Amino acid sequence: MDLGVLLGTMVDVEILMTVCHLCVAFELGIAQEDRVIDETPLTVKVISGSTAILPCSVDPKYTEGYADQYSVLWQNPIQTVISVKDRRVLTDMRISVERPFVSDWNLHIRNVSVTDSGEYKCQINTDPVRSKRVKLVVQVPPNIIDYSDSDDVKARTGDSVELMCNATGIPTPTITWYRLNVWSSKKKEKVGHEGQVLLIRNISRVCADTYECVANNTVPPARTRQIKVTVQYPPEIHLFTPRIGQQLRRETILECRITASPLGVTMWKKNGEQLHPNFKHELDVYNEGPQTITLSLRIVNIQKYDFGDYICEASNSMGSASEVMELYEVFPITTTTTPPTTTQLIRQTIFFGGNGLKEHPMEWPKVDNRPKSGKKTPKSGTTVKKNPTGASLTGVYGTGSVKYDNQAGIPNIPTTVPVLCVMYSLTLVQAMNTL
């Protein structure tokens, strides 16, 4: 191919490409100039009771440059014209057209309600007609509908219980159930499945509590409702001790713990009669928890007739129960003190001698360890002291002699001496009894 021809062809291609670029630019310019209104669809979400702002933007050259040739209007979801230009057509005072800027034709709906929901159109009467679609979604916070007169539910042990929590709202609320553990940990605990009904099968006393349903649909505020569940059952009585002792003229306290639902009637009895508060008895009730009390009976200045069996009794619509506690007498502990043993020396004089009377002093121990009720019994035996003169002695109640044959001073007793000893012993006994 000739070089000249090649160069010419390249120039033609370049010119062609330049022309194409100009055409594209021209078309884009026309498209930009022909964009009369922002036609991008839009969804606006507002909470019921607030003000909804539906935006609409129109090129000012169509609304300001052509006098009254073009007009902007709004239509509601049922195709009714709401406004023309910035003038409201309907008599609804909540509606107005606001223009913070020249290009703005915003529709304001104050105190919006669910009935205002739907698709609105912002239009300009060009040829063809251009419009912008705005979908209004009015959201409603959750609301719990209470069909019952009371938030308390009562059931018997073994029953099945249904707790209801009906809620409305836009969007539809989600119902979540919680147990509050009022009498234990006091921590909220999630129970059951999400939904308007919480089913408790074969209910028992451990299920008695306050339950709470929470309705939430992401639109504040969330709503809650509390339902108190009471499980009814017959009384149960627990004694801390079955027997208690006390002395006369003292006081004591009898206690029994009662668990029942409902609590019903509780009392202390003795000899089949109910005890009432008086100078002798004092009754007190202490709350120990859910459906549990302690019934206390104080007895003062205990006498003989106060000892015996006391009955703690409770009854309600589900049944009755009773337990017996015995009050018995405790005797004071006594101690016996033994007197100490004492020893005394009893001094007497015995006369011996053959050639006249000679006195010879004698001593013997007296041991005082006799019982109070017994008779005094002297110790047998006599201690004889040696006559310092060494002479023979004659007994005062008969003849006889005592001779000391050894240096230790132990006498040799002749046969006549026993008679004197017997007589002396009798005299000795009489003397000791007089002490």
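Arg 225 is buried, with a relative accessible area of 11%; buried means under 20% relative accessible area, exposed over 50%, and partly exposed in between (1.4 Å probe, protein chains only). Arg 225 forms a salt bridge with Asp 146, and their closest N and O atoms are 3.2 Å apart. A salt bridge here is a side-chain nitrogen of Lys or Arg within 4 Å of a carboxyl oxygen of Asp or Glu. Keep in mind that this is a predicted model: local features need pLDDT of at least 70, side-chain atom pairs count only at pLDDT 80 or more, and totals for chains, interfaces and linings use all residues. Residues are numbered from 1 along each chain as its sequence is written, and side-chain values use heavy atoms, with hydrogens and water left out.

**How confident is the model?**

- The protein chain averages a pLDDT of 79, and 69% of the residues score at least 70; pLDDT is the predictor's confidence in each residue, from 0 to 100.
- Over residues 1-32 the pLDDT stays under 50, and the model has one contact there beyond four places in sequence (contact means heavy atoms within 4.5 Å).
- Residues 367-422 also stay under 50, but for them the model has 87 contacts beyond four places in sequence.

**Salt bridges**

- Searching the whole structure turns up 17 salt bridges.
- Strands (E, at least two residues) and helices (H or I, at least four) are DSSP runs, numbered from the N terminus.
- Asp 146 counts as partly exposed, at 41% relative accessibility.
- Asp 116 and Arg 94 make another salt bridge, with their closest N and O atoms 2.8 Å apart. Asp 116 sits in the loop between β7 (106-109) and β8 (118-124) and Arg 94 in the loop between β5 (87-88) and β6 (95-98), so the pair ties together parts that are 22 residues apart in sequence.
- Asp 116 is buried at 9% relative accessible area, while Arg 94 is partly exposed at 22%.
- Lys 280 pairs up with Asp 306 in a salt bridge, the closest N and O atoms being 3.0 Å apart. Lys 280 is in the loop between β21 (273-274) and β22 (281-289), and Asp 306 is in the loop between β23 (292-299) and β24 (308-316), 26 residues apart.
- Lys 280 and Asp 306 are both buried.
- Through shared partners, salt bridges join Asp 92, Arg 94 and Asp 116 into one network.

**Rings**

- The structure holds one aromatic pair. The ring centres of Tyr 62 and Tyr 70 are 5.5 Å apart and the planes are at 75 degrees, so the pair is edge-to-face. (Rings of Phe, Tyr and Trp, using its six-membered ring, pair if their centres lie within 6.5 Å; planes under 30 degrees apart count as stacked, over 60 as edge-to-face and the rest as tilted.)
- Tyr 62 and Tyr 70 are both buried.
- Arg 99 lies over the face of Trp 105, at 3.8 Å from the ring centre, and Arg 205 lies over the face of Tyr 233, at 3.9 Å. A charge sits over a ring if NZ of Lys or CZ of Arg is within 6 Å of the ring centre and within 35 degrees of the ring normal.

**Strand β15**

- In a regular strand the side chains alternate between the two faces of the sheet.
- β15 pairs with strand β11 (residues 161-164) in the antiparallel sense over four bridges; two strands pair if DSSP finds at least two bridges between them.
- Met 164 has Val 197 as its bridge partner in β15.
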